[in-house]
Amino acid sequence: MELTKKGHACVRITEGGRTLAIDPGAFSEEDAAAGADALLVTHEHPDHFHEGRLRAALEANPAAELWTLRSVAGQMAAAFPGRVHTVGKGDTFTAAGFEVEVHGELHAVIHPDMPRITNVGYVVQSPQGPAGPVFHPGDALTVPGRPVSTLLLPVHAPWNKFSEVLDYVREVAPERAFPVHDGLLSDAGHLVYGRNFGPQGPGTGGAEYARLAPGESAAL
């Protein structure tokens, strides 16, 4: 499998000519959803859910399908009957040949005075290839409760701090972590996070931390 960062919280996973895109939102590159065979959205915030980009992708590829939680599916299903699927914690399904598990239920707390919305994370694995599972938690520090090889790590958000994120990496214990939810970081911010999650930091528990800039890819 090949993993490509498409800006902020969006990644594309490709294998055998099939492409799955997760969270092509407003902070992602404009082509983040284009050409995808399957689309996954973790929650309704605009940096993860861009209705126009999803619609364009579904219209351009009549075989493409979308899996997401109810708050997003309700905005998309009428226009694409039979192609928008509502999912929740504990569900499993196959999307563009990838096996997907749904984990988590709620967005992380931004502030007690702000209502929490729903949020799900996705474990994605190829049933054919040797690459281990990839986990995208969306906007939450959900522990999937099963081994994952690659963690897409939300490093910078109004709802988190470094100590919590580092402890999260240690608890999930992946082989590698690629940062996501980093669209608001400057170049200096990326350097700081790279140092803190790298050998100079307090230690990730063995997980390798490596940044992918928008448009860069890594083989899994």
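User: Which elements are among those that cover the buried residues of H3?

Analyst: This is a predicted model, in which local features need pLDDT of at least 70 and side-chain atom pairs count only at pLDDT 80 or more, while totals for chains, interfaces and linings use all residues. Residues are numbered from 1 along each chain as its sequence is written, and side-chain values use heavy atoms, with hydrogens and water left out. Helices (H or I, at least four residues) and strands (E, at least two) are DSSP runs numbered from the N terminus, and contact means heavy atoms within 4.5 Å. The cover over the buried residues of H3 includes strand E10 (134–136), strand E11 (150–154) and helix H4 (187–197).

User: Within what arc do the buried residues of H3 fall?

Analyst: Buried means under 20% relative accessible area, exposed over 50%, and partly exposed in between (1.4 Å probe, protein chains only). In helix H3 (residues 162–172), the buried residues are Val165, Leu166, Tyr168, Val169 and Val172. They line one face of the helix, because down its axis they fall within an arc of 155°. The arc is taken from the directions between the helix axis and the C-beta atoms, and its value for H3 is 155°.

User: Which strands stand at the edges of the seven-stranded sheet?

Analyst: Two strands pair if DSSP finds at least two bridges between them. The seven strands form an open sheet of mixed pairing in the order E6-E5-E4-E3-E2-E1-E14. Two of these strands each have a single partner strand, so one side of each is left without a neighbour in the sheet. They are strand E6 (84–86) and strand E14 (217–219).

User: By how much are neighbouring strands of this sheet turned against each other on average?

Analyst: Axes are lines fitted to C-alpha atoms, for helices over the stretch in contact, and angles run from 0 to 180 degrees between N-to-C directions. For neighbouring strands of this sheet, direction is ignored, and the average turn is 20°.

User: Is strand E2 largely enclosed or open, and how many of its residues are buried?

Analyst: Strand E2 (residues 11–15) is joined to strand E1 (residues 2–5) by four antiparallel bridges, with Lys5 opposite Val11. To strand E3 (residues 18–22), E2 runs antiparallel over five bridges, with Arg12 opposite Ala21. E2 is largely enclosed by the rest of the structure, because the number of its five residues that are buried is four.

User: Which side chain joins that of Glu15 in a polar contact of 2.5 Å?

Analyst: Glu15 belongs to strand E2 and is buried, with a relative accessible area of 15%. A polar contact is a pair of N or O atoms within 3.5 Å; within protein, one must be able to donate a hydrogen and the other to accept it, and residues adjacent in sequence count only if both atoms are side-chain atoms. At 2.5 Å, the side chain that makes such a contact with Glu15 is that of Ser126.

User: What phi does His8 have?

Analyst: Most residues other than glycine have a negative phi. His8 sits in the loop between E1 and E2 and is buried, at a relative accessible area of 4%. His8 is not a glycine, yet its phi is positive, at about 55°.

User: What is the relative accessibility of Asp23?

Analyst: Asp23 lies in the loop between E3 and E4. Its phi is positive, near 55°, although the residue is other than glycine. Asp23 counts as buried, its relative accessibility being 0%.

User: Which residues does Asn61 contact, leaving aside its neighbours within four places in sequence?

Analyst: Asn61 is found in the loop between H1 and E5 and is buried, with a relative accessible area of 19%. A polar atom of its side chain lies 3.5 Å from the backbone oxygen of Ala36. With those sequence neighbours left aside, Asn61 is in contact with Ala36, Asp37 and Arg83.
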